[in-house]
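Please look over the sequence and the model shown here before reading the report on its helices, strands and cores.

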Amino acid sequence: MLLNFDYDGVLVDSFDQLLSAFQRTAADTGLGRPPTRADFETIEDLNAAGLATLLGVPEPDIDRYTQRTHALLEAEGYEPAMFPGIPDLLSTLSGRHTIVIVTSNYEHLVRQGLARNGVAECVSLVLDARQPGTKSEKIGHALKRFHVPPREAFMIGDTRGDIRHGKAAGVRTAGVTWGYQSRTTLAKEAPDYIVDSPDELLELLCEGA
């Protein structure tokens, strides 16, 4: 199978660091209002541009706003910890399936995080914010690259947008409840599965083969 994972909120616990970076971006740039925890829970498509729009950043300034956020993260050293059980999950799954990360983050930051946790070789491809297209289009790119039909692929995410883009790409979808959005919020997109722990996700994906 082809397993497409979101990164932030699924593999790494980055919420506090990202919330702080966006709050400081608002203060530094004077663009939009500072975000709150509730914004991350309720937004339908959680990425830097989508959050900027929600916070009232004018469209011509969105690129500058998001670039400032990423610059702050890099300047401070973006090193969120992986959730407990995730390194073992990736190691086990990579022996059976192809793993791709589809993220609104940057590939070099993702690769650094994978390397720190000893799982860099588990991931075959990272499709990041610099890649053109939506998440659904990036999933489609991965399907073509690895010659996998949609019925043999998953999108695993922690937000409504992840589930929606997975469905648009025609793959099966799994929402995880330990990330940015709650089970109740994820259920609004009717994912094929909702799981509450990495162990439960591992069982699902092994059975899904």
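Predicted model: local features only at pLDDT ≥ 70, side-chain atom pairs only at ≥ 80, totals over all residues.

Residues are numbered from 1 along each chain as its sequence is written, and side-chain values use heavy atoms, with hydrogens and water left out.

**Two helices**

Helices (H or I, at least four residues) and strands (E, at least two) are DSSP runs, numbered from the N terminus. The expected span of a helix is 1.5 Å times one less than its number of residues, and the table sets this value beside the distance between the end C-alpha atoms.

| Helix | Number of residues | First to last C-alpha | Expected span |
|---|---|---|---|
| α4 (62-76) | 15 residues | 22 Å | 21 Å |

After α4 comes G77, with a positive phi near 85 degrees.

In α7, K135, S136, K138, I139, A142 and L143 are buried. Around the axis they cover an arc of only 160 degrees, which puts them on the same side of α7. Their packing partners are β1 (2-5), β2 (98-102), β3 (125-127), β4 and α8 (160-168).

Two residues of α7 can be looked at individually. S136, which lies in this helix, counts as buried at 15% relative accessibility, and its side chain is joined to that of T134 by a polar contact of 2.8 Å. A polar contact is a pair of N or O atoms within 3.5 Å; within protein, one must be able to donate a hydrogen and the other to accept it, and residues adjacent in sequence count only if both atoms are side-chain atoms. When residues up to four places away in sequence are not counted, S136 touches H165, A168 and A169. G140, also found in α7, is partly exposed, with a relative accessible area of 21%; its C-alpha is 9.2 Å from that of V171, although G140 and V171 are 31 residues apart in sequence.

**Strand β4 and its partners**

Five of the five residues of β4 are buried, so this strand is largely enclosed by the rest of the structure. Both of its faces are covered, with A153, M155 and G157 buried on one side and F154 and I156 buried on the other. β4 runs parallel to β1, to which four bridges join it, and L3 stands opposite F154 in β4. β4 also pairs in the parallel sense with β5 (residues 172-176), over four bridges; two strands pair if DSSP finds at least two bridges between them. The bridge partner of I156 in β5 is A174.

**Nonpolar cores**

A nonpolar core is a set of buried Ala, Val, Leu, Ile, Met, Phe, Trp, Tyr and Cys residues joined through side-chain atoms within 4.5 Å. The largest such core has 51 residues, and those with the most contacts inside it are F5, L11, L90, I101, I156 and L201. Helix α1 gives the most to this core, with five residues. Apart from it lies another core, of 13 residues, among them L2, V100, V148 and A153. Leaving aside neighbours within four places in sequence, I156 is in contact with residues including L3, F5, A174, V176 and L201.

**Positive phi outside glycine**

H147, which is not a glycine, has a positive phi of about 55 degrees. H147 is placed in the loop between α7 and β4 (153-157) and is exposed, with a relative accessible area of 70%. A190, likewise a residue other than glycine, has a positive phi near 50 degrees; A190 is found in the loop between α9 (183-187) and β6 (193-195) and counts as partly exposed at 48% relative accessibility.

Technical notes: Buried < 20%, exposed > 50% of the residue type's maximum accessible area, 1.4 Å probe, protein only. Arc of directions from axis to C-beta. Contact = heavy atoms within 4.5 Å.
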